[in-house]
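Subject: Structure handover

Hello,

Here is the structure I said I would pass on.

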Amino acid sequence: MRLLNHLFDFDEIRVHSRRKESRDGFAERLSRDLGKPVVGRKIGRVVSNAPTSWVEASRLDKPTQLLKTEWIKKGAFVVPYGPMSAVELSLTDMMAKLVVDDWGQCSGGKFGSLRAHVEAGKLSVATLHAELGQIGRRSQAGPAERQ
């Protein structure tokens, strides 16, 4: 959140945890750290109508669809993060660009926030826009290299 806020200087930050005391405590600490309001809310109120972006970083023991694709606005920046998926399978259907940190890690093994999407063929080499490290190289490349 610190990095994303540094990059985007959010007007509003909403956080969620299943336990109210955890989400309120985290919101309070993050608000002090960032020097701006951070609000703890229930999951649907965090994501619903979020104008720009959200990060899913739940610590689940098994895949559980906590976040509904219908809550995500077109053009949103979405970061599913963690060993177990908390997003619906339909999430990747609405994404304009799919970027992962490491395709080898994302496509192998049994863990990953997008594991179900890989297994269902919704995230593959064909649907992948880039790996995260390639994004920086593309922005530094000359016009001919970007094509």
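Which helices and strands each supply at least two residues of the lining of the second largest pocket? They are strand 4 (77-80), strand 5 (98-100), helix 4 (103-107) and helix 6 (132-140). Please keep in mind that this is a predicted model.

The pocket

The second largest pocket holds about 1100 Å³ of space. It is lined by 34 residues, and those closest to its centre are Val78, Val79, Pro80, Val99 and Val100. Strand 4 gives the largest share of the lining, with four residues. By type, the lining divides into 21 nonpolar residues, seven polar and six charged.

The chain as a whole

The chain contains seven helices and six strands. In sequence order they follow the pattern α-β-α-β-α-β-β-β-α-α-β-α-α. The chain has 147 residues, of which 33% count as buried. If you take the contacts between residues at least 6 apart in sequence, 54% of them join residues at least 24 apart.

Helix 2

Helix 2 covers residues 20-34, which is 15 residues. From the first C-alpha to the last it reaches 21 Å, close to the 21 Å expected at 1.5 Å a residue. Which of its residues are buried? They are Arg23, Ala27, Leu30, Ser31 and Leu34. These residues lie on the same side of helix 2, because they cover an arc of only 105 degrees around the axis. The general rule behind this is that an α-helix has 3.6 residues a turn, so residues three or four places apart point the same way. On the other side of helix 2, Glu21, Glu28 and Arg32 are exposed.

What do the buried residues of helix 2 pack against? Their partners are helix 1 (2-8), strand 1 (13-15) and strand 2 (38-40). After helix 2 comes Gly35, which has a positive phi, near 70 degrees.

Asp9

Another positive phi belongs to Asp9, at about 45 degrees, although Asp9 is not a glycine. As background, most residues other than glycine have a negative phi. Asp9 sits in the loop between helix 1 and strand 1. Is Asp9 buried or exposed? Its relative accessibility is 53%, and the cut-off for exposed is over 50%, so Asp9 counts as exposed.

Lys68 is in the loop between strand 3 (53-56) and strand 4. Its relative accessibility is 28%, so Lys68 counts as partly exposed. Along the chain, Lys68 and Glu88 are 20 residues apart, while their C-alpha atoms are separated by 6.0 Å.

Glu131 belongs to strand 6 (residues 128-131). With a relative accessible area of 24%, Glu131 is partly exposed. Glu131 and Leu98 are 33 residues apart in sequence, and the distance between their C-alpha atoms is 8.7 Å. Leaving aside residues up to four places away in sequence, which residues does Glu131 touch? The contacts are Val99, Val100, Asp101, Asp102, Trp103 and Gly104. Of these, Val99 and Val100 were named above as being among the residues closest to the centre of the second largest pocket.

Regards

Notes: Residues are numbered from 1 along each chain as its sequence is written. This is a predicted model: local features need pLDDT of at least 70, side-chain atom pairs count only at pLDDT 80 or more; totals for chains, interfaces and linings use all residues. Side-chain values use heavy atoms; hydrogens and water are left out. The expected span of a helix is 1.5 Å times one less than its number of residues. Buried means under 20% relative accessible area, exposed over 50%, partly exposed in between (1.4 Å probe, protein chains only). The arc is that of the directions from the helix axis to the C-beta atoms. Contact means heavy atoms within 4.5 Å. On a 1 Å grid over the protein atoms alone, a cavity is a set of points where a 1.4 Å probe fits but cannot get out, and a pocket is an open set with protein on both sides within 12 Å along at least five of seven lines; lining residues have an atom within 4 Å of a point. Grid points are joined across faces, edges and corners, and a volume is the space filled by probe spheres set on the points. Ala, Val, Leu, Ile, Met, Phe, Trp, Tyr, Cys and Pro count as nonpolar, Asp, Glu, Lys and Arg as charged, and the others, Gly among them, as polar.
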